[in-house]
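Biologist: Please take a close look at the surroundings of the ligand in this model. After that, go on to the aromatic rings and a few single residues.

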Amino acid sequence: MAEMTPMMKQYLEMKDRNPDSILFFRLGDFYEMFFDDAKLASRELDLTLTTRDRSKPPEERTPMCGVPYHSCDSYIARLIAKGYKVAICEQTEDPTTAKGLVDRDIVRVITPGTVMSASMLEEGKNNFLCAVYADSAAIGLCLCDLSTGEVFGTSFPTGEEARSHLENELGRFHPTEAVLSDGAYHLDGLTDFLRDKLDCMCENGGEGRFRYDAALPLVQKQFRAGLESIPEGDRAAVQAAGGLLTYLYETQKTDLSHIAAFSYYTTGQFMELDLTARQTLELTGTMRSKEKKGSLLWVLDRTKTAMGGRLLRGWIERPLLSPVQIGRRQQAVSDLYEDIITREELAMTLKEVTDLERLIGRVVYGSAGGRDLVALANGLGKLPRIRELLEGCSSALLQSLRGELDDLPEVRELLQRALVDEPPFSVREGKFIREGYSPEVDRLWNVINHGAELVADLETRTKEQTGIKNMKVRYNKVFGYYIEVAKSQTGLVPQDWVRKQTTVNAERYISQELKELEHTILSAQDQVTALEYQLFCELKDTVCAHVAQVQSSAAAVAQVDVLTSFAAVAAANGYCMPLVDNSSVLQITEGRHPVVEKVLKGTPFVPNDTHMDSGDDLCAIITGPNMAGKSTYMRQVALIVLMAQMGSFVPAQSAHIGIVDRVFTRIGASDDLSAGASTFMVEMTEVAQLLKNATKKSLLILDEIGRGTSTYDGMAIARAVLEYCADQKRLGCKTLFATHYHELTVLEGEIPGVKNYNIAAKKRGNDLIFLRKIVRGGADQSYGIEVAKLAGVPDRVIKRARAILEELEAGGGVQAAAPRPAEEGQVSLMDLGGQTVLQKLRMTDVNILSPIEALNLLAELKQDLQES
Ligand SMILES: Nc1ncnc2c1ncn2[C@@H]1O[C@H](COP(=O)(O)OP(=O)(O)OP(=O)(O)O)[C@@H](O)[C@H]1O
Ligand SMILES: [Mg+2]
């Protein structure tokens, strides 16, 4: 590396400044990578690794690989998806005019939280970058979607609850990248949570970026609105916002004025849900595959715009707590629900509204092209029709949204006049300015398209003026355009023509006029592309001056879209408008599970009632056979509550929902047997969390608590938890408690507020019929063996399980110790020397064994026998 080229020096200097990014170094039509970056990129992107200096011995060669500049997006997207950052280094001066080494600079660093190109973003999903600041007094959190310009901020005083608040908020926004202050980076387990649970890239941003005295002026300068709602003295929120802005400035190096409104919120504004509840209730993705299909979002999403799609997610992630706000949404949904024509016309119009939010983001950011401006104008063009449709709606919310819809007629008209309907992809090659907008552009295009005619014109004109009959205008590479005059007529040639060449029969000349025409024709292309680009920049600036209006119109469209979607879903699925208030009632008549009812094939969904309150009906113990529908029922109640608090209608005949401050879920190990007993620790951690954080206004969904450990321990824990929840002096909050520990049904009568329910099933012959109806009282049997049979467990095992169960039930203990003659087709315990088996059976208490456990035990015993 002794004699390094100047370009390599330049490269290494750039790389030095961005050690943690892969450097895309622009060389002509390629982005090149060198050294370790090249090795890494060639591996990750399947690119061929080459070298620049083949003349040197192999160990001195510089590894290198590259991607074409025009198709770099897909390569960058792949690197970002794999968790890398990419620094883009461009040539900052024109290489044709540069003297010596071309100037280069990093124009931006692309990171997971700051991607802008449409191909790297999901339409109906926000992409958040977050910053967390933490010190001994408070934790500050700020989130920003660079593509839409939305910014949210909040803070929590340090204390036991701060961490769970923080994680809940992070789980809600699901950022793809986090910049943490040094203090936050070292918060116990925070980076693990972000990386493992949210798949979020984490970076220690140090303390400097987050200093209050530096943060405050940045925040004040960047945000036009919303700062007044940050409470006096809330330094942590400002510091987080400052850290976030600093990071954006360092990586983006461009106009970020679309990030202008700061939304400060407090944790008391929205229902708080932890990651577990979000995931187990399958709000936006299923547990298993994380897909949208099968989630609540999937059922509720009939939004037509990308903005509406994102907002719906937001509303699902942030149910409200204020009956007044919920009422406003409900009224709007109700208007649209009643008026089918308006609703459908709205849906049709909304379908054509483009993603105004991200379009304006790209315009300001500087990555928009002609197509984006046209799309923006087209989208704005639909707003008058939406205003017209909303005119007849009485809801106060719809009327105020209608007032927000500004279609910016002048801007729109300007864009439509200036740009062709379908501009080409690049703004650097012209051909997007509409004819008639700029006389100069038209003239230049005329020259380019009609060069030959102009030459012919000139020829005719010259002939007439000079009287030379035998002349022709011609073109060759050496002289360009010239006039050829036959020798016989050279006498007529005007004085000011310049003779260029003599041939056998003719003389060749250039006239001033021809010279000018030549220049016009040859330079028209360059001129027109430059001029069109300049006009594009002017249009862009005009649009930029209206960022705020476009953003608030976009926000209004998003709301109209979600409300229309709620109404459409309600109408299609037979939902009702719930009564939501501050009472402590939870009353649902004929409630259904919004997702399960959609996926059931063949069989109808059986609706069920729910009645809970803060008195006699505080806790419901739900028993019933496996597969009866316990889990479905409990989730259904939780989802109906959530939907009601989003402002949506709910799948029920009628519902009265007293505001719930939080929903907690603990879904037992039985729902995820593959994770098995090893999850017991997780289960208990979650139980601990929810018991600590729940309030009297919370709703708990406890599905088979204690399932992951030995029967006695499990039942003891289950009982203790239930007692704690039901006790008005302790927690006293609404609890749905599904269990296979039938022994727990004795608690009704012992503890006030606890009631037994079961989901009935009937045995007809050897078949089990699920009635799906929830009724008062405890279940008498578990029918675990029947369910095992349904599931296709081999007959032999089933038969044997029945026998064991009978023995167990008859004996009240284990009687299997006595040797018995082997029956035909049945394994004899003694024959196989099943000492361990006997030992295990002796230790088993039938009374506390659920059928599934009996089955598991049986499988285990069999295993023991086979091994012996
Ligand atoms: N109300 C209902 N109407 C129709 N089908 C239902 C209803 N409730 C549940 N089901 C069907 O029964 C299946 C099993 O329900 P679920 O998982 O809730 O049972 P479970 O009682 O929790 O069983 P386990 O004790 O094994 O956990 C569901 O996947 C669904 O297909
Ligand atoms: Mg269940």
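Modeller: What follows starts at the ligand and then moves to other parts of the chain. The model is predicted.

Ligand 1 has 16 residues around it, and the nearest are Met-627, Lys-630, Ser-631, Thr-632 and His-740. By class, seven residues of this shell are nonpolar, five are polar and four are charged. Helix 24, which covers residues 630-646, gives the largest share of the shell, with three residues.

Some contacts with oxygen atoms of ligand 1 can be listed one by one. His-740 has a side-chain N or O atom 2.9 Å from an oxygen atom of ligand 1. For Ala-628 the atom concerned is a backbone N or O, and the distance to a ligand oxygen is 3.3 Å. Glu-704 places a polar side-chain atom 3.4 Å from an oxygen atom of ligand 1. On its own, ligand 1 has 630 Å² of accessible area, and the protein covers 80% of this.

Next come the aromatic rings. Over the whole structure, a search finds 18 aromatic pairs. In one of them, the ring centres of Tyr-265 and Phe-270 are 5.9 Å apart and the planes meet at 55°, so this pair is tilted. To describe such a pair, one gives the distance of the centres and the angle of the planes. Tyr-265 has 4% relative accessibility and therefore counts as buried. Phe-270 has 16%, which is under the 20% limit, so Phe-270 counts as buried too. Both rings belong to one aromatic cluster, formed by Phe-128, Phe-152, Phe-173, Tyr-265 and Phe-270.

Arg-428 lies over the face of Tyr-533, 4.0 Å from the ring centre. Arg-26 lies over the face of Tyr-31, and here the distance to the ring centre is 5.6 Å.

Just after helix 4, His-174 takes a positive phi of about 50°.

Positive phi values come up in two loops as well. Lys-290 is not a glycine, yet its phi is positive, at about 65°. Lys-290 is in the loop between helix 9 (275-280) and helix 10 (296-300). Its relative accessibility is 57%, so Lys-290 counts as exposed. Leu-408, also a residue other than glycine, has a positive phi near 45°. The loop that holds Leu-408 lies between helix 17 (396-404) and helix 18 (409-418). With 7% relative accessibility, Leu-408 counts as buried.

Gln-10 is placed in helix 1, residues 6-17, and counts as buried at 9% relative accessibility. The side chain of Gln-10 makes a polar contact of 2.9 Å with the side chain of Arg-104. Ala-556 is part of helix 22, residues 547-573, and is buried with a relative accessibility of 2%. From Ala-556 to Ala-859 there are 303 residues in sequence and 59 Å in space, taken from C-alpha to C-alpha.

Methods: Residues are numbered from 1 along each chain as its sequence is written. Chains are lettered from A and ligands numbered from 1 in the order in which they are written. This is a predicted model: local features need pLDDT of at least 70, side-chain atom pairs count only at pLDDT 80 or more; totals for chains, interfaces and linings use all residues. Side-chain values use heavy atoms; hydrogens and water are left out. A residue is near a molecule or strand if one of its heavy atoms lies within 4 Å of it. A polar contact is a pair of N or O atoms within 3.5 Å; within protein, one must be able to donate a hydrogen and the other to accept it, and residues adjacent in sequence count only if both atoms are side-chain atoms. Accessible areas come from the Shrake-Rupley method with a 1.4 Å probe; for residues, only the protein chains shown count as cover. Helices (H or I, at least four residues) and strands (E, at least two) are DSSP runs, numbered from the N terminus. Ala, Val, Leu, Ile, Met, Phe, Trp, Tyr, Cys and Pro count as nonpolar, Asp, Glu, Lys and Arg as charged, and the others, Gly among them, as polar. Rings of Phe, Tyr and Trp (its six-membered ring) pair if their centres lie within 6.5 Å; planes under 30 degrees apart count as stacked, over 60 as edge-to-face and the rest as tilted. Buried means under 20% relative accessible area, exposed over 50%, partly exposed in between (1.4 Å probe, protein chains only). A charge sits over a ring if NZ of Lys or CZ of Arg is within 6 Å of the ring centre and within 35 degrees of the ring normal.
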